[in-house]
Amino acid sequence: LFAGPVDFLKGVVAMSGLPAADRAEVCFAGRSNVGKSSLINALTGRKAIARASNTPGRTQEINFFTLGESHYLVDLPGYGFANAPLPKVEAWQRLLKQYLSGRPNLRRAFVLIDARHGIKAVDEEIMSLLDSSAVTFQCVLTKADKLKAGEREKVLDQVRGKLVKHPAAFPELVLTSSEKGEGIATLRAIVATLE
Ligand code: GDP
């Protein structure tokens, strides 16, 4: 699907460090522990490619991966870090806003939501930021394997209900399990079609 190397490219701490906007780009956002690294690993087919972005010191960086020659995949740091010192949080939020509003090749953000918990207040914050930055975003539910059959429709309904308020939300949801491989091919195909 992605011709060429799938690899970690670089971690970026300032806008000046961004790679050239010479190809389509998608970014992944989600609260810490939502399963973002696992999803990126599953999506790229590389077992531990996204581990780098979870190591301390890397967590405040915007991490770039190549999906062949055609796309960049961007791993945004996990949010909801209540313990981080305020100046760090502010610096990170500034960079995030600059990135979201100033990246011409950014085609879509994927906002990861833990399927067991649905959309929480911290998720609404990033969605509002995406609204105001005019970045189309699509919700990806993670850890679907932890849901019982009857719970699937319930969480999908909760998420759909909350997305109505967000003008930048793409209505279609993707239910995934990195553990079971569910939804991964679908997500990969969605990324590939974003040119
Ligand atoms: P991150 O902090 O968002 O990068 O989250 P990780 O990918 O490190 O995952 C956080 C925890 O959730 C780990 O214990 C993973 O093993 C677990 N996890 C991630 N994806 C899945 C999944 O699809 N199913 C299940 N059952 N657990 C998962």
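This is a predicted model: local features need pLDDT of at least 70, side-chain atom pairs count only at pLDDT 80 or more; totals for chains, interfaces and linings use all residues.
1. Take strands β3 (residues 62-67) and β4 (residues 71-75) to begin with: they run antiparallel and are joined by five bridges. Strands here are DSSP E runs of at least two residues, helices are H or I runs of at least four, and both are numbered from the N terminus.

2. Residues are numbered from 1 along each chain as its sequence is written.

3. Seven strands make up an open sheet with mixed pairing, in the order β1-β3-β4-β2-β5-β6-β7; two strands pair if DSSP finds at least two bridges between them. The edge strands β1 (6-12) and β7 (169-175) have a single partner each, so one side of each lacks a neighbour in the sheet. On average, neighbouring strands are turned by 25 degrees against each other, direction ignored.

4. Helix α4 (residues 151-163) packs on this sheet and touches β5 (106-114), β6 (137-142) and β7, its direction making about 165 degrees with that of β7. Contact means C-beta atoms, placed from the backbone, within 7 Å. Angles run from 0 to 180 degrees between N-to-C directions, with axes fitted to C-alpha atoms, for helices over the stretch in contact.

5. Then there's helix α5 (residues 184-193), which lies across β2 (24-30), β3, β4, β6 and β7 and runs at about 145 degrees to β7.

Terms used. Two residues are in contact if their C-beta atoms, placed from the backbone, lie within 7 Å.
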